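Q: I have a structure open and want to go through it with you. Can we start with the charged pairs and then move to strands and helices?

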Amino acid sequence: MIRFLCTRRGLLPIRRYLEAGGPRPKARIEASVYGRDLFTRIGKPATWIFSDLERVLPQGLGDLVKAWNRLEASGHRLLNHPTQSLRRYELLRTLHETGINRFNVYRLDEARRPARWPVFIRREDEHDGALSRFLKNAEEYDRELEAVARLPVARDHLLAVEFCDTRDAKGIVRKYGAACIGGEIKPFHVYVSRKPIVKHSTDAIVDAETAAEELRYFDENPHEAELRDVFARARIEYGRIDYGFRQGRLQVWEINTNPYWVVDSAPDPLRVPFLERRAQWLARALDRIDTR
């Protein structure tokens with residue numbers, strides 16, 4: 001059995017996956033919302049996935065650590081430690097300071113200010129992209145801070161992120177995504193686009209060439225060793241990493257511990273062979289982490 005844990009707001013991604021058609025794991029998967037009473041009856045050994053960690057409020061983490069320790073002592077398999085796994089800010093700071101990421105990140109409530117421009121502002125605990133336009137200098141940044149101060153969001157939940165331009169010589173951006181399921185890493189998508197920031201498959205160019213590239217990316221898994229190193233640094237065993245390359249160097253945007261595994265409701269027919277293989281792998285990978 002696999003016990004999938006998330007916040008109430010985070011139930012939708014796993015529910016969509018469990019309710020969608022196509023290949024599905026044989027393992028029984030139960031999705032539950034974090035809560036103290038969740039761990040009163042832990043039952044037979046199972047695999048517990050602690051997901052959606054970026055949305056867990058700080059005051060709830062202590063209870064999750066106690067639950068983790070109790071489950072671990074009872075022989076359960078556990079993925080994504082609630083406090084040891086790196087969240088977005090800590091991950092991006094760590095990757096920059098260790099020389100992996102060329103771009104840096106800043107909390108709006110700290111004294112440090114961006115050292116490079118442009119930057120954009122985004123929430124640390126959400127996955128909906130930028131809240132601001134590109135801010136090209138300190139003057140634009142200061143004006144944006146005045147506007148941000150009127151938002152119903154705490155400053156310590158907002159980040160200023162240096163923009164890392166990954167366009168190639170033809171102005172093309174490739175946004176890669178790869179899944180990690182119990183330490184097994186496999187490509188999940190590559191979106192080829194002319195947009196500076198790529199979020200969804202609807203941003204991508206789809207033709208015979210890009211479809212072949214995506215399928216080749218899945219089969220060859222060319223970045224597995226680099227991604228394994230990043231997941232190890234992040235101490236995350238379940239999630240999806242989004243990344244690109246700048247001048248041949250890996251640049252990590254984030255690791256989402258509660259990703260949508262079903263993201264293509266009406267896919268282009270050219271991508272269907274890739275999507276079918278991806279779905280088959282995902283079902284098998286979930287079965288491989290099942291504790292029966």
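Q: Which residues are linked with Arg9 in a network of salt bridges?
A: The network joins Arg9 to Asp52, Arg55 and Glu126. Keep in mind throughout that this is a predicted model.

Q: And how many salt bridges does the count come to?
A: The count is 24.

Q: Take Arg113. Which residue does it form a salt bridge with?
A: Its partner is Asp142, and the closest N and O atoms are 3.0 Å apart. The pair links distant parts of the chain: Arg113 sits in the loop between E5 and E6, while Asp142 belongs to helix H4, residues 138-148. The two are 29 residues apart.

Q: Is Arg113 buried, exposed or partly exposed?
A: Partly exposed, with a relative accessible area of 41%. Asp142 is also in the partly exposed class, at 33%. That class is what lies between the cut-offs, under 20% for buried and over 50% for exposed.

Q: What does Asp219 meet in a salt bridge?
A: The side chain of Arg277, at 2.6 Å from N to O. Asp219 is in helix H5 (residues 208-220) and Arg277 in helix H7 (residues 272-289), so this pair ties together parts that are 58 residues apart in sequence.

Q: What's the relative accessibility of those two?
A: Asp219 has a relative accessible area of 42% and is partly exposed. Arg277 is at 34%, and that counts as partly exposed too.

Q: Staying with those helices, at what angle do H5 and H7 cross?
A: Roughly 25 degrees, with the axes coming within 9 Å. Angles under 35 degrees count as roughly parallel, and H5 and H7 are therefore roughly parallel to each other.

Q: Left-handed or right-handed crossing?
A: The crossing of H5 and H7 is left-handed.

Q: Which residues meet between H5 and H7?
A: From H5, they are Glu214, Leu215, Phe218 and Asp219. On the H7 side they are Pro273, Phe274, Arg277, Arg278 and Trp281. Asp219 and Arg277, the salt-bridge pair, are among the residues in this contact.

Q: What is Thr210 in contact with, leaving aside neighbours within four places in sequence?
A: Val192 and Ile205.

Q: Which residues are on which side?
A: Leu158, Ala160 and Glu162 are on one side, with Leu159 and Val161 on the other. Both faces are covered. As background, side chains in a regular strand alternate between the two faces of the sheet.

Q: Which strands does E7 pair with?
A: E5 (residues 105-107) pairs with E7 in the antiparallel sense over 3 bridges. E6 (residues 119-123) and E7 are also antiparallel, over 5 bridges. Ala160 in E7 is the bridge partner of Tyr106, and Ile121 stands opposite Ala160 too.

Q: There's also an open sheet of 4 strands. What is its order?
A: The order is E2-E1-E3-E4, and the pairing is parallel. E2 (29-33) and E4 (77-79) are the edge strands, each pairing on one side only. Neighbouring strands in this sheet are turned by 20 degrees against each other on average, direction ignored.

Q: Over how many bridges do E1 and E3 pair?
A: E1 (residues 2-6) and E3 (residues 47-50) pair in the parallel sense over 4 bridges. The bridge partner of Ile2 in E3 is Thr47.

Q: Last one. Which strands does H1 lie across?
A: Helix H1, residues 11-19, lies across E1 and E2. H1 runs at about 160 degrees to E2.

Terms used:
Residues are numbered from 1 along each chain as its sequence is written. This is a predicted model: local features need pLDDT of at least 70, side-chain atom pairs count only at pLDDT 80 or more; totals for chains, interfaces and linings use all residues. Side-chain values use heavy atoms; hydrogens and water are left out. Buried means under 20% relative accessible area, exposed over 50%, partly exposed in between (1.4 Å probe, protein chains only). Two strands pair if DSSP finds at least two bridges between them. A salt bridge is a side-chain nitrogen of Lys or Arg within 4 Å of a carboxyl oxygen of Asp or Glu. Axes are lines fitted to C-alpha atoms, for helices over the stretch in contact, and angles run from 0 to 180 degrees between N-to-C directions. Angles under 35 degrees count as roughly parallel, over 145 as roughly antiparallel, 65 to 115 as roughly perpendicular and the rest as oblique. A crossing is left-handed if the near helix is turned anticlockwise from the far one by less than a right angle, and right-handed if clockwise. Contact means heavy atoms within 4.5 Å.
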